[in-house]
Amino acid sequence: MEPRFSCTACGKCCHGWLPLTLKDAIAHAGRFPLAMVWTPVRQNARFYQLATRLGATVRLPSRKTVAVLIVPTAYLPTSHPCPELREDGLCGIHDDKPSRCRTMPFYPYREERDQADLLIPRKGWACDVSATAPVVYSNHEIIDRSDFDRERNDLLDQSPVIQRYADYMLKYMPWILDELAKMAARPTGGNIVSSLSSFLTATRRPDAVEIATAQAPLFRAMAEKTRDDPAMREYHRNYSGWAVEMESLARRNPG
């Protein structure tokens, strides 16, 4: 049976981390508190070759090479909804929503032939996969692939910038290399979260002051929301520290 799928606007997938293209992250810098999420991909992993094209390639102290996906991410706790999710479950910025939301449930960090299991709703999600839902995937190909292609192409376009950022961070923060090595050795992998301010500094974006000005109040607001929750200690620490960094960056003379 061919996979069928239709979104019912249950809003269940609109919580927690939202991976973005760099283009979307910058365009929505006034909406989402942003971070850079690093995920090592080992050479024997199924999507390693694709990860080398979309991310950075890093040489570990063991002389093994790993691909590292470094993804601009709307950095929200799993229990927190997207700030644009309305009470009726609809998207408040539907006409302007990020590529990641348009491409769902497909995922461009996987090869197109390996998307089938993404059409199975996660526990608690209310996606319509009944016989009345449209066929969206057939013979390992996405039927309407325009959003998938757009997001994939944006990821490919940004990969040189991501590699440059990785090189900068590994030069000035060498502890990241050791952490990547540890995660690559674990069966369950793992993530490192770094600040958007480090990315703005590394890549010397001409719009860094503007982006920092948009981000600072978002981090302040999230720090306040997570202040008294012990389960949110790490989020609170990051939000508070990154707010200070962004406020400092926002005061710089763009010239």
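Let me begin with a term: a residue is called buried when its relative accessible area is under 20%, exposed when it is over 50%, and partly exposed in between, using a 1.4 Å probe and protein chains only. The structure before you is a predicted model, in which local features need pLDDT of at least 70 and side-chain atom pairs count only at pLDDT 80 or more, while totals for chains, interfaces and linings use all residues. Residues are numbered from 1 along each chain as its sequence is written, and side-chain values use heavy atoms, with hydrogens and water left out.

I turn to strand S4. Helices (H or I, at least four residues) and strands (E, at least two) are DSSP runs, numbered from the N terminus.

Next, the neighbours of S4. Two strands are said to pair if DSSP finds at least two bridges between them. Strand S2 (residues 34-41) runs antiparallel to S4 and is joined to it by eight bridges; the bridge partner of Leu34 in S4 is Ala74. Strand S1 (residues 18-19) is also antiparallel to S4, with two bridges, and Leu18 stands opposite Ala74. Strand S3 (residues 56-59) is joined to S4 by four bridges, again antiparallel, and Val58 has Val66 as its bridge partner in S4. S3 and S4 form a hairpin with five residues between them, and in the turn Arg63 has a positive phi of about 75 degrees.

I now come to the charged side chains. Side chains of opposite charge can pair when their charged atoms come close. A salt bridge here is a side-chain nitrogen of Lys or Arg within 4 Å of a carboxyl oxygen of Asp or Glu; by this rule the count comes to 16.

One of them links Asp154 and Lys23, at 3.2 Å from N to O. Asp154 lies in helix H4 (residues 146-172) and Lys23 in helix H1 (residues 22-27), so this pair ties together parts that are 131 residues apart in sequence. Are the two partners buried or exposed? Asp154 is buried, at 12% relative accessibility, whereas Lys23 is exposed, at 56%.

Another salt bridge is formed by Arg31 and Asp96, whose closest N and O atoms are 3.6 Å apart. Arg31 lies in the loop between H1 and S2, and Asp96 in the loop between S4 and helix H3 (99-103), so the pair ties together parts that are 65 residues apart in sequence. Both count as partly exposed, Arg31 with a relative accessible area of 26% and Asp96 with 45%.

A further salt bridge joins Arg227 to Glu224, with closest N and O atoms 3.3 Å apart. Arg227 is partly exposed at 47% relative accessibility, and Glu224 is partly exposed at 46%. Salt bridges that share partners also join Arg31, Glu84 and Asp96 into one network.

I close with the surface. Tyr172, which is found in helix H4, is exposed, with a relative accessible area of 52%.
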